[in-house]
Amino acid sequence: MNLKSVFSDLIPQKLIVVAIVSLTVFSDCKMPESGETVNPLQNDLRQRISLNDNWKFFKYGSSEAADNLIYDVRPELKKRVDYTVADSKPTEAAKVEKTQEVLKPWIMPTGNAFIADTTKHYIRPEGNPGSDFPFVQASFDDSSWKDVELPHDWAIAGPFQEGWDTEIGGGMGRLPVNGVAWYRKKLDVPESDSVKCIFLDIDGAMSYAMVWLNGQLIGGWPYGYNSWRLDLTPYMVPGGENQLAIRIDNPPNSARWYPGAGIYRNVWLTKTNPVHVGQWGTFVTSTVNDSSARVNIDITISNNSDNETNVSTETGIYELDESGNIKRELVANIETSSVQVESGRKVSVNGEGIIENPRLWGPPPTQEPHMYIAITRIFEAGRPVDQYETRFGIRSLEFNPDSGIYVNGELVKINGVNNHHDLGALGAAFNTRAAERQLEILKAMGCNAIRMAHNPPAPELLELTDKMGFLVMDEVFDCWERKKTPLDFHLIFPDWHEQDLRSMLRRDRNHPSIIMWSYGNEVGEQYTGEEGAEIGRKLHNIIKEEDTTRPTTSAMNWAKSYMPFPEVMDVISFNYQGEGIRQDPIFENVTDRIKTKPQYEPFHEKFPEKVILSSETASALSSRGIYFFPVTDKISSPARDGMGGSSEQLQVSSYELYAVDFGSSADKVFASLDKHPYSAGEFVWTGFDYLGEPTPYYECRSSYNGIVDLAGFPKDRYYLYQSRWRPDLPMAHILPHWNWPERLGKITPVHVFTSGDEAELFLNGESLGRKKKGPYQYRLRWENVVYQPGELKVIAYRNGKKWAEITEKTSGKPFALNAIADCDEIAADGKDIAFVTVKVFDAEGNFIRNATSRIQFKVEGPGELVATDNGDPSDMVEFPSPVRDAFSGKALAIVKAVPGEAGKITLTAESEGLETARVVIRVK
């Protein structure tokens with residue numbers, strides 16, 4: 001069934017998209033009947049085996065010492081500059097002359113499955129480069145190499161590179177991400193697998209990965225964010241010794257943020273019969289009405305056998321419970337007629353079925369993210385040969401240019417954030433619990449959407465957004481042919497853009513959380529007129545070839561409504577242009593090229609048929625718990641020394657009024673959105689602080705933009721967003737802290753964030769007045785408070801009735817530590833982790849919000865201290881350190897269990913002269 005795309009004419013219609021996940025099979029190889037208990041277990045039809053354990057790792061000490069098995073030559077890096085302004089104009093690619101043999105011709109065929117025009121498929125050359133290199137040979141002794149487990153980020157342990165004359169500066173996080181490294185692993189494949197197809201599936205490797213098996217160069221993938229597959233079957237020796245070797249080459253000056261380094265996502269060995277569902281080979285779509293859903297499934301079948309064969313399919317659909325377990329009742333069954341598949345070919349089949357009274361997927365709190373699973377069986381001459389699972393959700397999407405996005409008929413304004421892919425002190429190595437914690441913190445704030453900035457995420461992150469009900473903008477590129485840094489992925493875009501884009505689309509298209517595709521972020525082609533627009537048009541068309549059920553977009557920080565660049569995209573996405581760029585009087589004398597007046601109205605007039613949203617807003621700056629004086633009387637100000645910033649302390653004030661030059665405070669953004677109610681909403685830059693890009697202080701390690709700091713501790717801004725995004729939650733928040741002995745008798749402004757509409761402030765029991773929010777006001781400000789120690793109290797009201805109350809007290813000297821874990825129990829798998837927050841308190845039990853006590857962590861029992869942090873962007877202590885200074889009264893410890901060992905982990909936090917804190921975590 002061909003679904004009509006709502007986005008071709010932008011007429012709102014109900015459209016559904018759905019989700020993919022793990023691959024498993026039923027133990028008895030038969031489809032369960034209605035009412036029969038479903039218990040999917042792996043069997044000999046299909047296996048997906050984790051390859052994360054028992055790797056050997058080696059990294060060269062310098063680029064000069066590295067081998068010459070390079071993917072391609074790169075431009076000479078004459079000067080390292082990684083502190084350019086984030087919205088600087090990208091520039092043309094440098095011309096490169098090849099001066100040595102490169103392995104690119106052997107790597108390019110890996111992407112053939114994602115090149116639509118078969119005449120443009122790459123043919124592997126003769127020869128086997130690297131076959132005589134010791135690291136790829138089974139006989140090589142790697143016993144002196146480091147033992148590692150995947151996912152693995154080789155750079156995160158540090159040390160941080162301090163100063164200006166370093167290989168890696170603040171832009172990429174001051175961690176040693178650059179260099180060439182190798183991973184080796186023995187593969188145990190039994191003789192019984194000689195009739196199987198065996199695939200290596202890598203969810204992400206940073207970057208320029210190339211793979212050898214048994215001395216044979218198999219292939220690779222240069223883009224570090226894509227997931228990809230290699231067919232190991234022709235090179236595997238079932239029952240014999242199989243040596244896998246993977247080379248990673250991560251260049252310096254290759255990113256604007258911390259990219260991570262190494263095989264930083266999961267790796268799998270997939271075994272199938274020769275006739276099987278192809279890679280990411282199902283696509284489930286549906287249309288829904290008041291009583292039923294029509295579900296359509298496209299299935300791609302691969303025939304890797306030597307003979308032509310006749311195949312048919314049967315798909316059973318089941319509901320999933322809240323934990324993701326399959327319910328017993330079969331809710332629909334879809335069969336397809338048999339089809340002939342030639343040897344070495346693929347064929348697609350299609351079928352549809354009806355689900356009565358479907359349970360829809362939708363974003364909380366007003367909807368629930370219900371999920372289904374399609375279990376597809378492939379039959380060859382009547383015999384089952386494969387079984388494949390596709391998790392999906394049923395929901396309608398409508399894009400209305402006058403109001404925004406409707407999910408299942410309900411207008412859902414985007415209250416979203418951007419996030420980069422690092423997980424703070426864990427680096428880029430993906431960890432499901434760490435990602436889930438981030439989403440939980442954001443959800444409690446009222447966030448309902450995530451923009452994957454600026455690359456395909458780990459597959460497990462999309463499983464979490466499906467489960468938790470977040471809306472997602474899935475994004476593929478930060479640059480096209482024009483570069484932002486000298487060695488970024490503009491070098492591979494001409495060769496790999498189609499493969500990278502199609503592979504992301506096929507991998508992710510079944511996730512109901514994804515509501516639109518972004519094919520670019522602030523690309524330099526905004527500046528190149530029709531030439532740049534043509535590249536955008538090509539990417540847009542590729543998306544439409546793969547998926548007509550979602551709109552396309554590309555985030556624009558410069559292109560204007562009268563230019564060709566925005567014409568092709570379905571949804572208009574602004575980065576900062578909605579509220580205007582550099583409109584403060586301080587920028588009066590800067591060039592007009594980098595200034596932009598508010599753009600909602602010009603774009604809405606030019607494209608009245610298109611939805612408009614802000615893909616990046618704010619880029620506000622703050623350091624949790626740090627406050628500088630005087631405080632601006634504006635609603636938004638650029639950060640400078642004496643204007644919310646301190647280049648001496650390397651911190652930015654948490655009065656939450658300061659932003660990067662091209663950005664705005666949250667208050668200014670809120671007003672802009674409210675004045676343009678047709679806007680679909682916003683994605684704030686950013687939800688969490690991230691490693692790298694530490695504007696405005698590139699001496700540091702991590703950003704200041706997050707609503708939540710790098711350790712996962714909310715900044716004051718968190719409560720400003722919560723007051724807007726969760727209007728029915730009774731809450732109030734006071735800033736700053738009230739420990740200012742040096743400010744006795746001085747003006748110390750007090751601001752209150754509340755979901756109420758007015759509030760009264762008290763200092764030591766005396767009312768300082770009751771204030772009410774006016775039009776386009778999102779905080780209450782008492783600007784003339786004279787500091788005296790004691791107690792601040794605010795009582796918030798809503799519609800004249802008491803709504804919330806909170807106090808802030810002057811605290812005494814540090815007396816004790818307090819430790820709280822985010823869970824009582826973790827699994828003994830070495831992957832599950834606990835996050836322990838340590839706070840500093842005085843003798844009266846008051847949290848000291850400006851404490852800097854040095855804390856020593858110790859772990860006893862079957863556990864390990866993974867990392868510590870405090871959220872301070874200027875802290876250059878390595879993350880694995882057991883010693884960490886509290887920053888604004890808090891520090892974080894991350895703990896995991898020793899694999900296979902049960903018992904109790906005791907984490908102790910000590911500080912000289914303070915009462916010790918302990919927390920016990922059970923290991924199951």
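Two strands are taken to pair if DSSP finds at least two bridges between them. In the predicted model, strand β20 (residues 404-407) meets this criterion with strand β21 (residues 410-411), the two being joined in the antiparallel sense by 2 bridges. β20 and β21 form a hairpin with 2 residues between them. In the turn, Asn-408 has a positive phi of about 55 degrees. Val-407 has Glu-410 of β21 as its bridge partner.

β20 also pairs with strand β19 (residues 397-400), again in the antiparallel sense, over 4 bridges. This pairing is likewise a hairpin, with 3 residues between β19 and β20. Here Ile-405 in β20 is the bridge partner of Phe-399. β20 therefore takes part in two hairpins, one with β19 and one with β21, given that strands pair if DSSP finds at least two bridges between them.

Strands of a sheet pair through backbone hydrogen bonds, either parallel or antiparallel. In this sheet the pairing is antiparallel, and the strand order is β4-β3-β5-β10-β7-β8. The edges are formed by β4 (146-148) and β8 (216-221), each of which pairs on one side only. From one strand to the next, the twist averages 25 degrees.

The helical packing considered here involves α7 (residues 666-675) and α8 (residues 716-725). Two packed helices are described by the angle between their axes and the distance between the axes. The axes of α7 and α8 come within 11 Å and cross at roughly 20 degrees. Angles under 35 degrees count as roughly parallel, and α7 and α8 are therefore roughly parallel to each other. Their crossing is right-handed. On the α7 side, the contact is made by Ala-666, Asp-667, Phe-670, Leu-673 and Asp-674. These residues meet Leu-720, Tyr-721 and Arg-724 in α8. By class, the residues of the contact comprise 5 nonpolar and 3 charged, with no polar residues. Among the charged residues of the contact are Asp-667 and Asp-674 in α7 and Arg-724 in α8.

Conventions:
Residues are numbered from 1 along each chain as its sequence is written. This is a predicted model: local features need pLDDT of at least 70, side-chain atom pairs count only at pLDDT 80 or more; totals for chains, interfaces and linings use all residues. Side-chain values use heavy atoms; hydrogens and water are left out. Axes are lines fitted to C-alpha atoms, for helices over the stretch in contact, and angles run from 0 to 180 degrees between N-to-C directions. Angles under 35 degrees count as roughly parallel, over 145 as roughly antiparallel, 65 to 115 as roughly perpendicular and the rest as oblique. A crossing is left-handed if the near helix is turned anticlockwise from the far one by less than a right angle, and right-handed if clockwise. Contact means heavy atoms within 4.5 Å.
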